[in-house]
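Me: I would like to go through this model and ask what lies behind each label. Please set the values against the cut-offs.

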Amino acid sequence: MVISQILASGGLWLNLGGTEILVDPGPGCIVQATKRKLKPDKLSAIILSHCHLDHSADVNIMVEAMTQGGLKRHGRLFAPADALGSEPVIFSYLRDYLDGIEVLQEGKSYSVGNISFATPVRHIHPVETYGMVFRTARHTFSCITDTRYFDGLYQYSGSELLIINVVFLEHRAPADHPRMPVDHLSVPDVERLIKELKPKVAILTHFGMNVWRAKPWEIAQRLTEETGVKVIAARDGMRFDLAQLDDG
Ligand SMILES: [Zn+2]
C-alpha cells in the first residue's frame, strides 16, 4: 500500500487543546501536511512508534520543518532505542535542532506541554514498537500500532477512542504472500479487541492491500453492528474531533 500510495502514509497529526504532536511520519508526510495547511513549526513533538520505513521515512524532513531548518531550536522527538541506535532513523546533525530526544520504554509515561502519554506495553513486532495512551484534560485515547495479537493489548482499556492499525483481512498470511510476516493485527483480532476494550469509538487505519480490496468502510460498518461500538475506517485527510466523544 505504501509503495503504491493508493492511500497516503503520512501519519497522525494531533492537535490537543493547541498542543500539536505528529505520530509516525511515514513517506509523504511533508507533502500531505503542507497540502492540508498543517504547520510543522507549530509541532511540539514527533513520536515514532517504531523505526519501520512506513512509520519513519519522513522523520528527518519533519524535524527540519518543525525547527524551520534548524533556525528555531524546538520540539522533542520520542522514539524507541532501536530507532536511535546503531542504525538510527534520524541524522545526527538534526539532533541538535531539537529540544531533546526521549527514548520510549515499556510502562513509562511522558509529557508534552499539558498532554501526557504512556507506552504501557511493548508490541510484538520485528523491531521495538510501542502503542500509546494519550491523556488530555478532557479525553483519553489510545493508538495500537504494529503488533501481532496478544493478551497484553488489553492494557489499552479505559480509552474513549481507540485508533488501531489493521493490516490483514484474516489471521494468517494471504495465499498470494505465504511468507509475509504476520506480526500485524487482522480484522478478527481487531473485532476481539474492540469487544474487550469497549471504547466509545474505534478508528481503523494502516490498511493492507487485502483490507483495502475488502472496502474498509464496509468492514467498519460490519464491526459497528457486531460490537456495538462506533467503528470508523480512516480516510486520507480525515479529521476526528475529540468533542464527538462527548455526545451521548
Ligand atoms: Zn512495522
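Me: Which residues does L14 touch, not counting residues up to four places away in sequence?
Reply: L14 touches T19, E20, I21, V23, F134 and F141. The model is a predicted one. A contact here needs heavy atoms within 4.5 Å. L14 itself lies in strand β1, residues 12-16.

Me: Why is L14 called buried?
Reply: The relative accessible area of L14 is 9%. Buried means under 20%, so the label applies.

Me: How far apart are L14 and L43 in sequence and in space?
Reply: L14 and L43 are separated by 29 residues in sequence, and their C-alpha atoms lie 9.2 Å apart.

Me: What makes H50, H52, H125 and D146 donors of the zinc ion?
Reply: Donors are N, O and S atoms within 2.8 Å of the metal. The atoms concerned are NE2 of H50, ND1 of H52, NE2 of H125 and OD of D146, at 2.2 to 2.4 Å from the zinc ion. Along the chain these donors follow the spacing H-x1-H-x72-H-x20-D. Within this set, H52 and H125 link distant parts of the chain, 73 residues apart. H52 sits in the loop between β3 (43-47) and α2 (53-56), and H125 in the loop between β7 (115-119) and β8 (132-135).

Me: Why is the arrangement around the zinc ion called irregular?
Reply: The 4 donor atoms subtend angles of 88 to 173°. For a tetrahedral label all angles must lie between 85 and 135 degrees.

Me: Are H52 and H125 buried or partly exposed, and what decides that?
Reply: H52 has 24% relative accessibility and counts as partly exposed. H125 has 10% and counts as buried. The cut-off for buried is under 20%.

Me: How do you know that E160 and K200 form a salt bridge?
Reply: The closest N and O atoms of E160 and K200 are 3.9 Å apart. The rule asks for a Lys or Arg side-chain nitrogen within 4 Å of a carboxyl oxygen of Asp or Glu, so the pair qualifies. E160 is in the loop between β9 (140-144) and β10 (161-165), while K200 is in the loop between α5 (187-197) and β11 (201-205), 40 residues apart. E160, at 17% relative accessibility, is buried, whereas K200, at 42%, is partly exposed. By this rule the count comes to 7 salt bridges.

Me: What makes R222 part of a network of salt bridges?
Reply: R222 forms a salt bridge with E191, with the closest N and O atoms at 3.6 Å. R222 lies in helix α7 (residues 216-227) and E191 in helix α5, so this pair ties together parts 31 residues apart in sequence. R222 also forms a salt bridge with E226, at 2.9 Å between the closest N and O atoms. Both values meet the limit of within 4 Å. E226 and R222 are 4 residues apart in helix α7, about one helical turn. The network links E191, K195, R222 and E226.

Me: What makes the pair of W212 and W217 edge-to-face?
Reply: The ring centres of W212 and W217 are 5.9 Å apart and the planes stand at 75°, so the pair is edge-to-face. W212 is partly exposed at 27%, and W217 is partly exposed at 48%.

Me: How many aromatic pairs are there, and which residues form one aromatic cluster?
Reply: The count comes to 9 aromatic pairs. F78, Y110, F117, F134 and F141 form one aromatic cluster.

Methods:
Residues are numbered from 1 along each chain as its sequence is written. This is a predicted model: local features need pLDDT of at least 70, side-chain atom pairs count only at pLDDT 80 or more; totals for chains, interfaces and linings use all residues. Side-chain values use heavy atoms; hydrogens and water are left out. Helices (H or I, at least four residues) and strands (E, at least two) are DSSP runs, numbered from the N terminus. Buried means under 20% relative accessible area, exposed over 50%, partly exposed in between (1.4 Å probe, protein chains only). Donors are N, O and S atoms within 2.8 Å of the metal (3.2 Å for Na, K and Ca); water is not among the atoms, so sites may look incomplete. Four donors count as tetrahedral if all angles lie between 85 and 135 degrees; four count as square planar and six as octahedral if opposite donors are over 155 degrees apart and all others between 65 and 115; anything else is irregular. Rings of Phe, Tyr and Trp (its six-membered ring) pair if their centres lie within 6.5 Å; planes under 30 degrees apart count as stacked, over 60 as edge-to-face and the rest as tilted.
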